[in-house]
Amino acid sequence: MRIGFIGLGAMGLPMAGHLVAAGHDVTVASRSRGPIEAAVSQGAVDGGTPRGVADVSEVVVLCVPNSPEVVEVVEGMLPALGDGKTVVDCSTIDPEVERAQHARVGATGARYLDAPLSGGTAGAQKGTLTLMVGGDPAVLARTEPALEPFAGLVVHVGGPGMGQVVKLCNNLIYAAQMTATAEATRLPVPGVVPDSPASNGWQPGFMTDLMAKDLDLAMAYAARTGVPVATTATARQLLTAASAAGYGREDFSAVAKVVLSLAGAPAS
């Protein structure tokens, strides 16, 4: 299958590598040259721009940081989209923005799925990510061979935008759980679990700043739908403190260092 991949960050680069290893013809684009060169060294082709990637691909996978970048990439691809092409957005973005991209791409005759990811960088490297997919189930069934090389589980969760809603709910629970764990046990700390971020220089499975971005999206969506999310707001405050302390690009479990500091214990 001819697959395009746009966004070769900590998640996207290993995902693209799995597609190449599975025998697909993969064309890539990204903002930085380093990841593009790494993907090309694995057998991918440099497509130059989103339009260049879409021109030669049956399926285009997006994995970029935020809503504005998804909108920008889709805008660049639109002239190359049409019947027989499918766009799969694996980014985590605002559900309403995502629904608008379903409509924009659908107007060209192409198909669109939102398929945000769970599993972090470890899951991307191992090819065991969970995908929460919103959109037409028939489109998913046709597109799944392009997702399986980097996915351990693909779950259809509803119509357009519902993949994003479920992903935000997932991260809402995850952040609250991490906050409660840090307060109750003063964990994680280095040396307890050998392969944890805490024992490996707090290298991110999922960065503090990205979790903060996702909680902002969750709270904004909750406000629009009239759902109170007091616990989420509390977790967001702790993430703010972690970012202010310089832990923004560390794994978000670094909130434990904030709790330790507030308790008068030295952070590791």
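This report describes selected features of one predicted model, from its salt bridges to a pocket and a loop.

## Basis of the description

The model is predicted, and local features need pLDDT of at least 70, while side-chain atom pairs count only at pLDDT 80 or more, and totals for chains, interfaces and linings use all residues. Residues are numbered from 1 along each chain as its sequence is written, and side-chain values use heavy atoms, with hydrogens and water left out.

## Salt bridges

Side chains of opposite charge can pair when their charged atoms come close. The structure holds 12 salt bridges, each being a side-chain nitrogen of Lys or Arg within 4 Å of a carboxyl oxygen of Asp or Glu. One of them joins Glu72 and Arg31, at 3.0 Å from N to O. This pair links distant parts of the chain, 41 residues apart, since Glu72 belongs to helix α4 (residues 67-77) and Arg31 to the loop between β2 (25-29) and α2; helices (H or I, at least four residues) and strands (E, at least two) are DSSP runs, numbered from the N terminus. Arg31 is exposed, with a relative accessible area of 62%, whereas Glu72 is partly exposed at 47%; here buried means under 20% relative accessible area, exposed over 50%, and partly exposed in between, with a 1.4 Å probe and protein chains only.

Asp46 and Arg33 form another salt bridge, with their closest N and O atoms 2.9 Å apart. Because Asp46 lies in strand β3 (residues 45-46) and Arg33 in helix α2, this pair ties together parts that are 13 residues apart in sequence. Within helix α3 (residues 50-56), Arg51 and Asp55 are four residues apart and therefore separated by about one helical turn, and their salt bridge has its closest N and O atoms 3.2 Å apart. Both count as partly exposed, Arg51 with a relative accessible area of 37% and Asp55 at 42%.

## The second largest pocket

The second largest pocket holds about 170 Å³ of space. A pocket is found on a 1 Å grid over the protein atoms alone, as an open set of points where a 1.4 Å probe fits, with protein on both sides within 12 Å along at least five of seven lines, and lining residues have an atom within 4 Å of a point. Its volume is the space filled by probe spheres set on the points, which are joined across faces, edges and corners.

Among the lining residues are Met1, Glu58, Asp83, Lys85 and Arg142, and helix α7 (residues 137-143) gives the largest share, three residues. By class the lining has three nonpolar, four polar and five charged residues, where Ala, Val, Leu, Ile, Met, Phe, Trp, Tyr, Cys and Pro count as nonpolar, Asp, Glu, Lys and Arg as charged, and the others, Gly among them, as polar.

## The loop between α8 and α9

Most residues other than glycine have a negative phi, and most peptide bonds are trans. In the loop between α8 and α9, however, are Arg186, Pro188 and Trp202. The peptide bond from Leu187 to Pro188 is cis, with omega near 0°. Arg186 has a positive phi of about 55°, and Trp202 has one of about 60°, although neither is a glycine. Arg186 is partly exposed at 42% relative accessibility, whereas Trp202 is buried, with a relative accessible area of 6%.
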